[in-house]
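Q: I am new to this structure. Please take one part and look at it closely.

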Amino acid sequence: MDTKDKIILNLKANMGNWISGEQLSKNFEISRAAISKQIRKLRQMGYEIVSSPRKGYLLESVSDLLLANEIKEGLKTKILGRKDIVSFTETDSTNTQAKDLAIKGAPEGTLVIAEKQTMGRGRRGRAWFSPKGDGIYASLILRPTIPPSEAPLITLLTAVVAAETLKSVTELNPRIKWPNDILINGKKIAGILTELSMEMDAVDFVIVGIGLNVNTPVSCFDEEIKDIATSVFIETGKRFERTTLIKKYLEHYEAYYEMFNKKGFKPILQKWKALADIIGRRITVDMISKKHVGQVVDVDVDGVLVLKDDNGKLHRIYSGDVIFA
Ligand code: BTN
């Protein structure tokens with residue numbers, strides 16, 4: 001832990017009370033000038049610290065900043081988010097940043113997170129709306145020992161993790177829309193973007209990005225997504241701490257990822273099906289070059305959607321957009 005992390009812990013423990021510069025300089029055995037330099041850094045990171053020449057320093061309110069020290073505090077994981085958390089006030093895309101780090105050898109479990117993305121990406125070249133401070137924009141680096149054909153399972157696993165996270169922290173009842181959407185009352189609250197790098201016939205790394213609308217008010221959504229997007233705040237009327245949500249996400253993720261590595265996808269598929277209620281439903285799947293309409297027969301252990309069209313023909317669909325009839 002570096003000095004500024006120690007100072008912020010000290011200020012948090014005395015939330016709402018003044019601590020003199022002299023006291024802080026005694027606590028950390030550094031000069032008053034060094035304390036004020038660290039305070040400047042903490043303010044730049046987003047902490048609202050008030051100072052007074054006579055009273056010292058005061059942390060006014062609980063901060064909900066997606067910073068490494070905030071996320072690591074009390075985090076109950078062994079690998080995910082344990083070693084490296086790279087946090088940005090602003091970046092192009094956490095998936096792009098995570099990919100660059102993975103190419104340079106960043107270990108499994110590295111988390112890249114941002115307060116704002118300027119080029120947040122969704123599936124099929126779409127943009128992901130990423131306003132400052134309201135949402136969670138996070139990407140994990142995973143290095144699973146699986147063949148590339150199994151990589152889509154990571155998306156399904158992540159959807160279960162995201163739904164379980166929302167269930168455990170909020171009172172919401174999330175549903176999964178194959179393959180990567182998390183919906184509340186039919187509106188999208190989160191999306192997942194899984195990107196793969198392979199070497200020969202094996203996966204080198206997988207980047208799993210999640211965008212979760214947490215405290216976004218309706219007024220913040222653009223006209224074209226206003227009717228199809230939602231947030232935890234819109235659905236519950238309450239603001240939630242993003243740090244609590246990301247910690248729970250990492251903890252659930254680790255449990256499911258361990259299950260996947262030890263027991264395969266079957267037990268996770270059961271959970272997925274229970275959260276998806278897609279089997280038996282009539283849908284249209286939009287696959288860029290063509291569309292299929294029919295009834296969903298299954299989502300199998302490969303994560304493939306099996307659709308029976310109106311002529312009774314079965315189609316195995318690996319990727320596409322689902323529209324419910
Ligand atoms: C989708 O629903 O199409 C997927 C959206 C994924 C958005 C997340 S936000 C964090 C990560 N970085 C990105 O650029 N995209 C993903």
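At what angle do helix α6 and helix α8 pack, and how far apart are their axes?

A: This is a predicted model, where local features need pLDDT of at least 70, side-chain atom pairs count only at pLDDT 80 or more, and totals for chains, interfaces and linings use all residues. Residues are numbered from 1 along each chain as its sequence is written, and side-chain values use heavy atoms, with hydrogens and water left out.

Two packed helices are described by the angle between their axes and the distance between the axes. Helix α6 covers residues 151-169 and helix α8 covers residues 242-263. They pack at about 135 degrees, and their axes are 9 Å apart. Helices here are DSSP runs (H or I, at least four residues), numbered from the N terminus. Axes are lines fitted to C-alpha atoms over the stretch in contact, and angles run from 0 to 180 degrees between N-to-C directions.

The angle makes α6 and α8 oblique to each other. Under 35 degrees would be roughly parallel, over 145 roughly antiparallel, 65 to 115 roughly perpendicular, and the rest is oblique. The crossing of α6 and α8 is right-handed: the near helix is turned clockwise from the far one by less than a right angle.

Now the residues that touch (contact means heavy atoms within 4.5 Å). From α6 come, among them, L153, I154, L157 and V161. α8 brings residues including L245, Y249, Y253 and F260. The contact of α6 with α8 has 14 nonpolar, five polar and two charged residues. Nonpolar means Ala, Val, Leu, Ile, Met, Phe, Trp, Tyr, Cys and Pro; charged means Asp, Glu, Lys and Arg; the others, Gly among them, are polar.

Methods:
Helices (H or I, at least four residues) and strands (E, at least two) are DSSP runs, numbered from the N terminus.
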